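This note sets out a number of points for a reader who is new to protein structure. Please keep the model in view while reading.

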Amino acid sequence: MTAVIEARGLGKRYGRRWALADCTLAVPAGRVVGLVGPNGAGKTTLLQLAAGLLAPTSGAITVLGHHPGGSPAQLSRVGFVAQDSPLYAGLSVAGHLRMGAWLNPGWDTEYAARRIRQLGLDLRQRAGSLSGGQRAQLALILAAAKRPELLLLDEPVASLDPLARREFLQGLMETVAEHGASVVLSSHLIADVERVCDFLIVLTASHVRAAGETEALLASHHRLSGPYRDPGTLPASWEVIEESHTGKQSVLLVRTDDPVLDPAWTDRPVSLEDLILAYLRQPGSGTGAGRPGLEVAS
Amino acid sequence: MIEFQLDTVSGVATYLQLVQQVHDALRLGLLEPGDKLPTAQQVVAKLAINPNTVLKAYRDLEREGLVRGRPGQGTFVIRSLPGTDPVTQRRFLAAMTDLLRSARSAGLGPDDIEAIYRTAVRGSFAEGVA
Amino acid sequence: MIRFTLLRFRVQAAVAAAGLLIIAIILAVTGPHLAHVYDTTLRACQQQGDCTLALGTLPPSPDGTLRALLYALVVAVPGLIGMFWGAPLAARELEAGTFRLAWTQGITRTRWLAAKLGVIGALSMLTAELLSLMVTWWASPIETASMDRLAPGVFHAGGIVPAGYAAFAFALGLTAGLLTRRTLPAIAITLVIFTAAQLAVPAFLRPQLIAPVHLSSPLAIASVTQMGTANATPAGGGTLFVQAQPDIPGAWILSSDIVTPAGRPADTLPAGQACSESHSRQACEAYIASFHLRHSVTYQPGSRYWALQWYETGIYLGLALVLAGLCFLRIGPAARRPGGPARASGGAATASGPWRWLGPRHLSRRRGRASGPWPGSRRGTRSRPLSRS
């Protein structure tokens with residue numbers, strides 16, 4: 001399976017602060033990837049590195065097998081929508097479409113026109129006077145109409161109302177179904193991620209905490225509850241994401257590929273939301289492996 | 001054409017919900033052999049879900065032998081579910097109605113009836129709900 | 001990209017065209033009349049000899065404010081171009097974040113910048129030069145009459161230097177915008193530097209572009225404009241005060257000194273009785289003549305007008321090119337260095353590979369060691385990078 005994005009030890013530093021550190025992952029093609037994490041976790045940095053807007057401080061990244069943003073051909077294969085959907089405020093919708101057609105060799109005029117019609121956008125209206133949802137939709141059209149193999153979207157729905165959000169995701173999924181592009185979508189709205197994403201990257205405090213197919217992640221995480229167990233006696237192959245111990249009971253969120261055979265544990269499936277939240281709650285230091293400190297049951 | 005719904009709170013995987021809805025439609029006669037299922041594009045335009053989910057559901061249905069995908073044309077129903085004979089359905093509907101009538105006259109309320117029904121179903125289908 | 005640049009530039013282009021048109025109409029309406037007035041006045045006064053007085057009473061006079069204002073306009077327009085066409089060009093994109101849209105389209109940043117520089121740079125030069133041509137055409141009767149093409153207030157408005165100013169100011173604005181990433185500071189920086197250049201170049205550089213001519217000739221009494229006593233004391237002392245006007249038509253006089261044959265300035269000489277107030281002009285003239293004073297003039301002859309124009313334009317264009325080069329370095333990917341670190345697959349963006357758009361200002365030069373599961377990666381040494389703000 002070819003990887004659309006491959007990173008090894010990727011890092012980006014501003015001054016003394018590492019916005020992204022030690023990022024190693026391989027994102028397979030044909031997926032809708034959810035990049036989740038709190039604000040300031042490094043999602044924007046990772047996306048901009050993949051789009052070629054930033055240069056790495058350490059490590060390496062390839063997108064579709066090549067240097068991000070390294071050539072017009074590469075730029076045409078990757079669509080990017082930055083946070084808050086930047087558009088030229090004084091330029092009309094039609095002007096933006098003309099820009100897309102002039103600057104992108106693979107521009108699909110028919111697709112763009114159809115989407116504009118579907119959305120009911122006025123071609124003569126200036127982009128500065130569009131609503132937030134309309135701006136996000138237009139920015140998506142500009143990125144998608146050049147028929148990229150990969151779409152990178154930085155929190156495209158963060159500032160939209162629920163209806164606009166839903167409509168944006170509908171449009172995005174329709175585009176994916178039509179063009180077959182891979183998508184990397186950063187968001188801090190877990191409900192949206194649950195709905196559309198089949199591959200997940202969890203990013204907190206500049207580090208990747210988890211990355212994998214959603215189904216595989218859900219299958220490999222277990223919420224275990226049972227009588228109190230000393231953390232030191234747990235199997236070594238278990239990666240404890242979250243644990244809480246009262247005097248009598250232990251509740252763990254554990255990641256393991258081995259089946260949980262010990263009958264003392266009650267094994268409940270984990271929802272995607274619980275899984276993500278558990279990673280988000282982890283203390284921020286360290287490289288991810290190993291057990292975090294004891295957490296008192298909240 | 002069938003219109004899919006999504007239940008986000010049940011915890012059931014999306015693709016399973018789609019498969020289930022096709023099964024239900026086949027059983028109720030809303031879908032018949034020769035009918036075309038909506039394209040992945042149409043489904044996701046309505047539901048805003050991952051197209052792969054739709055394709056996965058259709059692949060499952062194809063594996064069950066209920067549908068067949070024709071390249072360039074779409075996915076079509078090729079047979080109905082076994083045991084969906086409307087005569088059989090009507091017969092059991094009549095039997096169930098009689099049973100409920102006697103249950104109500106024995107003093108059982110709707111909650112009781114539902115609890116009894118669920119227990120009976122669970123006991124009857126040892127592998128879980130079909 | 002060229003079409004798109006023009007599309008986004010249409011408002012500014014329209015404003016410039018309208019401005020030029022208005023000025024063109026005004027000048028076209030008043031120009032012929034001006035030529036006629038000068039023509040008749042010159043013919044009349046040349047019969048009588050000296051025309052300076054006659055010309056001085058004309059509206060517009062050679063030294064008048066209208067002419068000065070028009071010339072000032074010709075040199076102000078390049079400055080305005082730099083401030084309002086050049087500075088916002090990059091700064092607005094960076095401020096508003098739209099560069100993240102522009103630089104993820106199907107063209108490289110280098111091509112993006114080249115199109116903007118080329119198209120709007122050319123339009124800037126064209127606008128400034130058109131204005132200069134119109135004003136020069138309108139003022140040509142005056143210039144022919146007073147022969148002061150090389151004077152600082154006139155030189156900068158004619159010939160081809162306005163195009164050079166425009167190119168420089170535009171490149172300056174663009175560079176300032178690219179470096180500061182904010183529109184207002186970029187506008188301010190452009191204004192300050194352009195003004196400084198326009199003050200410094202005529203004062204220090206232009207006189208030396210070609211080695212000026214030195215002329216030392218015996219002082220002609222006819223050219224003496226003032227004579228008398230300076231620092232007069234009641235006892236009859238004081239220093240000699242002599243001033244003379246060089247008679248070199250069309251020249252740009254850089255310095256004009258009256259000196260003794262020994263080379264000392266005339267005002268070291270004693271005033272003497274002859275040039276005090278009570279005595280006659282002829283007596284003073286005779287007194288001055290007795291010293292055999294010499295008139296030492298440094299000047300640029302009028303024939304050097306075009307040579308100076310080309311040199312100055314060349315300098316401004318050269319500066320513009322340097323600034324443009326700076327912009328390209330700032331923005332675009334540098335060529336991949338052959339001896340770089342090992343890569344996972346061909347074409348990876350590595351840490352010491354092409355330097356891309358940088359983040360916040362305080363990007364430190366020293367980078368952290370490459371960590372991670374990738375043995376053998378070496379920090380390649382880069383050529384000395386340009387200073388990053």
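1. Basis of the note. This is a predicted model, in which local features need pLDDT of at least 70 and side-chain atom pairs count only at pLDDT 80 or more, while totals for chains, interfaces and linings use all residues. Residues are numbered from 1 along each chain as its sequence is written, and chains are lettered from A and ligands numbered from 1 in the order in which they are written.

2. Chain A as a whole. Chain A contains 9 helices and 13 strands; helices (H or I, at least four residues) and strands (E, at least two) are DSSP runs, numbered from the N terminus. Its radius of gyration is 21 Å, close to the 19 Å given by the globule rule for 298 residues, so chain A is as compact as a globular protein of that length. The radius is taken over C-alpha atoms, and the rule is 2.2 Å times the number of residues to the power 0.38. The C-alpha trace of chain A spans about 70 × 40 × 35 Å along its principal axes.

3. Burial in chain A. Of the 298 residues in chain A, 52% are buried. A residue is buried if 20 or more other C-beta atoms lie within 10 Å of its own, exposed if 12 or fewer, and partly exposed in between, with C-beta atoms placed from the backbone. In helix α3 (residues 93–103) of chain A, the buried residues are Val93(A), Gly95(A), His96(A), Leu97(A), Met99(A), Gly100(A) and Leu103(A). Their cover includes α4 (109–119) and α5 (132–144) of chain A, together with α1 (2–48) of chain C.

4. Domains of chain A. The domain assignment gives domain 1 (3–204) and domain 2 (218–281) of chain A; such bounds come from an automatic or database domain assignment. The centres of the two domains, taken over C-alpha atoms, are separated by 35 Å. In this chain, 6 residues of domain 1 are in contact with 5 residues of domain 2, where contact means that C-beta atoms, placed from the backbone, lie within 7 Å. On the domain 1 side, α7 and β8 (199–204) of chain A each give two or more residues.

5. Chain A against chain B. Here 14 residues of chain A are in contact with 10 residues of chain B. The helix α6(A) gives the most to the chain A side, with 8 residues. By class, that side has 7 nonpolar, 2 polar and 5 charged residues. Ala, Val, Leu, Ile, Met, Phe, Trp, Tyr, Cys and Pro count as nonpolar, Asp, Glu, Lys and Arg as charged, and the others, Gly among them, as polar.

6. Domains of chain C. The assignment for chain C gives domain 1 (2–211 + 304–330) and domain 2 (220–292). Their C-alpha centres lie 42 Å apart. The contact takes 5 residues from each of these domains of chain C.

7. Two helices of chain C. The axes of α1(C) and helix α5 (residues 109–146) of chain C come within 8 Å and cross at roughly 5°. Axes are lines fitted to C-alpha atoms, for helices over the stretch in contact, and angles run from 0 to 180 degrees between N-to-C directions. The crossing angle makes α1(C) roughly parallel to α5(C), a term for angles under 35 degrees. The residues of this contact divide into 26 nonpolar, 3 polar and 2 charged.

Terms used
Two residues are in contact if their C-beta atoms, placed from the backbone, lie within 7 Å. Angles under 35 degrees count as roughly parallel, over 145 as roughly antiparallel, 65 to 115 as roughly perpendicular and the rest as oblique.
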